[in-house]
Amino acid sequence: MKWGTYDMKWAKNSALALIFSMALVVTGCGQKAPAAESDASTSTPAETEQKLNVQVSFYPMYEFTKNVAGDLADVHTLVPAGMEPHDWEPTPQDMASIEKADVLVYNGAGMESWIDQVKDSLNSSKLIQVEASQGISIREGGEEHDHDHDHSNEAASDHDHADEHDHANDAAAKDGNDHAEASSEEHDHEHDHGGLDPHVWLSPALAIKEVRNIEAGLAKAAPRHAEQFKQNADAYVAKLEALDQDFKAAVKDSKRKDFITQHAAFAYLAEEYGLQQVPIAGLSPEQEPSAAQMASVIDFAKEHKVKTIFFETLVSSKVSDTIAQEVGAKTAVLNPIEGLTEDEVKAGKDYISVMRENLEALKLALNE
């Protein structure tokens, strides 16, 4: 699929506009509730002791929100398990669910390309909208090789990774001319995020900020439970802080600081811990890299004797497999946690456990 062209954007916007119109019909055509139920629905959840109805965009937002809300809210994810969230668009039923919700939680930073039109279409005055990435310094898309820090980075100060930075920039420099002539998919997909990198949840330190934003939103929706939300958030933040410390300890004395990954989802994680991601493609997991990009990454892998090429769970590993075969490396999963597969859900995995799997995978690759 190509992204960003005028025709595709016109068609997508037209389709969303039609969905919004249909959603109003879905919302407005139900049978009228009895008077007692109607009166209860106009009261706040705090007054009636009903649980908050919370709709969240995709998996990380569910995980963070559920841990803050505890048993005080019913939390529903709009993007189904196993679906790549970049491909998802709301149905009329989804719009009706959002319309009835007390709280809508979304990542922001361009992750949910549909969010502005959804918000513009809503008639609900009671809906609390929580942009979890609010207040976080967001990277521009395509800055995969940039080491500038927009927020405090204590881990990076512990590392001298100038050589790795230079090598990665050399690889990027080879690609410089290619971006002008490369596949339009790269430009269009980065543009689809509004030119921004939305993957802030992959840094545990930034995940903490998202959790606090969600806490504030839930407290606004149900002020009587603000203290409970804070206690729940504190308990979950403690787990994220432990995860953050484990990442710092794991990479501090690693043999190398660079890693090759299928798409450029790990810039915030790399930035936080003094690492350097070398992405095969851009911000979209479905983007096809150009031949020049492939050659550049292959050259980098050979020069630096990279032994692991990372891929992810919700999309094909074909590109990573091709590079691994070319350089005599193996492949392994580095999960961007944009969603869990059905098998992962059944196995009881969650954000913390998958991030710890990512940590173990990185530790092996950085010490080969």
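Tyr351 has contacts, meaning heavy atoms within 4.5 Å, with Tyr59, Glu63, Phe64, Trp201, Leu202, Ser203, Pro204, Ala207, Tyr236, Leu240, Leu243 and Ile337, leaving aside residues up to four places away in sequence. The model shown here is predicted: local features need pLDDT of at least 70, side-chain atom pairs count only at pLDDT 80 or more, and totals for chains, interfaces and linings use all residues. Residues are numbered from 1 along each chain as its sequence is written, and side-chain values use heavy atoms, with hydrogens and water left out.

Tyr351 also belongs to the largest nonpolar core, which has 69 residues; together with Val54, Phe64 and Leu218, Tyr351 touches the most other members. By nonpolar core I mean a set of buried Ala, Val, Leu, Ile, Met, Phe, Trp, Tyr and Cys residues joined through side-chain atoms within 4.5 Å. Buried stands for under 20% relative accessible area, exposed for over 50%, and partly exposed for values in between, with a 1.4 Å probe and protein chains only. A second, separate core holds 15 residues, including Val278, Ile298, Val306 and Ala324. In soluble globular proteins, nonpolar side chains tend to be buried together.

I turn to the aromatic rings. Eight aromatic pairs occur in the structure. Rings of Phe, Tyr and Trp (its six-membered ring) pair if their centres lie within 6.5 Å; planes under 30 degrees apart count as stacked, over 60 as edge-to-face and the rest as tilted. Phe64 and Tyr236 form a tilted pair, because their ring centres are 6.2 Å apart and their planes stand at 50 degrees. This pair links distant parts of the chain, with Phe64 in helix α4 (residues 59-69) and Tyr236 in helix α11 (residues 226-252), 172 residues apart. Helices (H or I, at least four residues) and strands (E, at least two) are DSSP runs, numbered from the N terminus.

How are the rings of Phe247 and Tyr273 arranged? Their centres are 5.2 Å apart and their planes at 15 degrees, so the pair is stacked. Phe247 lies in helix α11 and Tyr273 in the loop between α12 (267-272) and β6 (276-279), 26 residues apart. Both Phe247 and Tyr273 are buried.

Next, the backbone. Most residues other than glycine have a negative phi. Ile337, one of the contacts of Tyr351, has a positive phi near 50 degrees. Ile337 sits in the loop between β8 (330-333) and α15 (342-346) and is buried, with a relative accessible area of 0%. Ala109 likewise has a positive phi, about 60 degrees. Ala109 is in the loop between β3 (103-106) and α6 (115-121) and is buried, at 9% relative accessible area.

Val333, in strand β8, is partly exposed at 32% relative accessibility. Val333 and Phe310 are 23 residues apart in sequence, yet their C-alpha atoms are 5.4 Å apart.

Strand β5 (258-261) gives the largest share of the lining, three residues.
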